[in-house]
Amino acid sequence: MNYLRLLFYCCLLAVGLPMSAQQAQAQDLSAYSSQTYYYKGDTLRYRLLLPANYDRHKKYPLIVFLHGIGERGYDNNAQLLHGGTMFLRDSLRNKYPAFVLVPQCPSTATWAPMILKTDSNHRIVSGTYPVDGEMPTPTALLNRVLDSLLASGKIDTKRVYIGGLSMGGMGTYYLITRRPELFAAAFPICGAGNVDAANRFAGKVPIWIFHGAADAIVPAEASRAYETKLKALGADVKYTEYPGVGHNSWDNVFVEPELFQWLFTHKRNR
């Protein structure tokens, strides 16, 4: 069994079956427009939420949110299962107006390159996360979409933020490692990555890391290692670990009262 399929089965055990198109439609997510990007035979599907009370004469921050492996697919709906309604809250949209970009990774790919070793209980015991070399196709396409949005004149290019859960947390680490000049802040949730490469974004991208202490899929040690490394590098890092919480620590993050306030206080200097 290859590592992608194994990780997929692990996440099914942790969070249940992926959301079907019917389930997605049952939620009020129609404010997200459905978009498709094509490039040289490859396709990236994504949803885009406009800022509340959108004014086309203004520039707005952009939040990129990366889903986990259970929401991969081709329906352009499932990626909104976790977090989609959070960005629709009036209390957040009105106070922190921003574009929200939620791409969908195809079923056969991941946001970040990874080679995982698991134990008999499907718990990740070690992982290799290459940061150099060719990007996974969906991530490369996402970068093209980002560059296009940034060139549109509608985005405040000094206020581009990224976050993600599980596989999306891994993608968050990967992208801020590869493009530290782009992001003003990041919030990976129950993710993992190449800690040895943390120096590439340390001091450039403030980061708030989240993890459940009882995570049985991606051990909290992965986030703890980043916190230790980044503190040693003198980086701007926060770490929140939820005692007794398993892999679905995103449920806690989505109700963190200070997350958006923290996120929007950060702005790139150039």
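Two strands are said to pair if DSSP finds at least two bridges between them. Helices (H or I, at least four residues) and strands (E, at least two) are DSSP runs, numbered from the N terminus. The structure described here is a predicted model, in which local features need pLDDT of at least 70 and side-chain atom pairs count only at pLDDT 80 or more, while totals for chains, interfaces and linings use all residues. Residues are numbered from 1 along each chain as its sequence is written, and side-chain values use heavy atoms, with hydrogens and water left out.

The predictor's confidence in each residue is given as pLDDT, from 0 to 100. The protein has a mean pLDDT of 90, and 90% of its residues reach 70 or more. Over residues 1-26 pLDDT stays under 50; for this stretch the model has 44 contacts beyond four places in sequence, a contact being heavy atoms within 4.5 Å.

An open sheet is formed by eight strands in the order 1-2-4-3-7-8-9-10, with mixed pairing. Strand 1 (32-39) and strand 10 stand at its edges; each has a single partner strand, so one side of each is left without a neighbour in the sheet. From one strand to the next, the twist averages 20 degrees. Within the sheet, strand 3 (residues 60-66) pairs with strand 4 (residues 99-104) in the parallel sense over three bridges. Val64 stands opposite Leu101 of strand 4.

Two helices are described relative to the strands. Angles run from 0 to 180 degrees between N-to-C directions, and axes are lines fitted to C-alpha atoms, for helices over the stretch in contact. Helix 5 (residues 167-178) lies across strand 3, strand 7 (155-165), strand 8 and strand 9, and runs at about 140 degrees to strand 7. Helix 6 packs on the sheet and touches strand 9 and strand 10, its direction making about 150 degrees with that of strand 9.

Side chains of opposite charge can pair when their charged atoms come close. With a salt bridge defined as a side-chain nitrogen of Lys or Arg within 4 Å of a carboxyl oxygen of Asp or Glu, a search of the whole structure finds six. One of them joins the side chains of Asp132 and Arg200 (2.9 Å, N to O). This pair links distant parts of the chain, 68 residues apart: Asp132 is in the loop between strand 6 (124-128) and helix 4 (137-151), and Arg200 is in the loop between strand 8 (185-189) and strand 9 (207-212). Relative accessible area (1.4 Å probe, protein chains only) is called buried under 20%, exposed over 50%, and partly exposed in between. Asp132 is exposed at 52%, whereas Arg200 is partly exposed at 30%.

Arg224 takes part in a salt bridge with Glu221 (3.4 Å, N to O). These residues are three apart in helix 6 (residues 221-232), and are therefore separated by about one helical turn. Arg224 also meets Glu241 in a salt bridge (2.8 Å, N to O). Glu241 lies in strand 10 (residues 237-242) and Arg224 in helix 6, so the pair ties together parts that are 17 residues apart in sequence. Arg224 is partly exposed, at 31%, as are Glu221, at 44%, and Glu241, at 27%.
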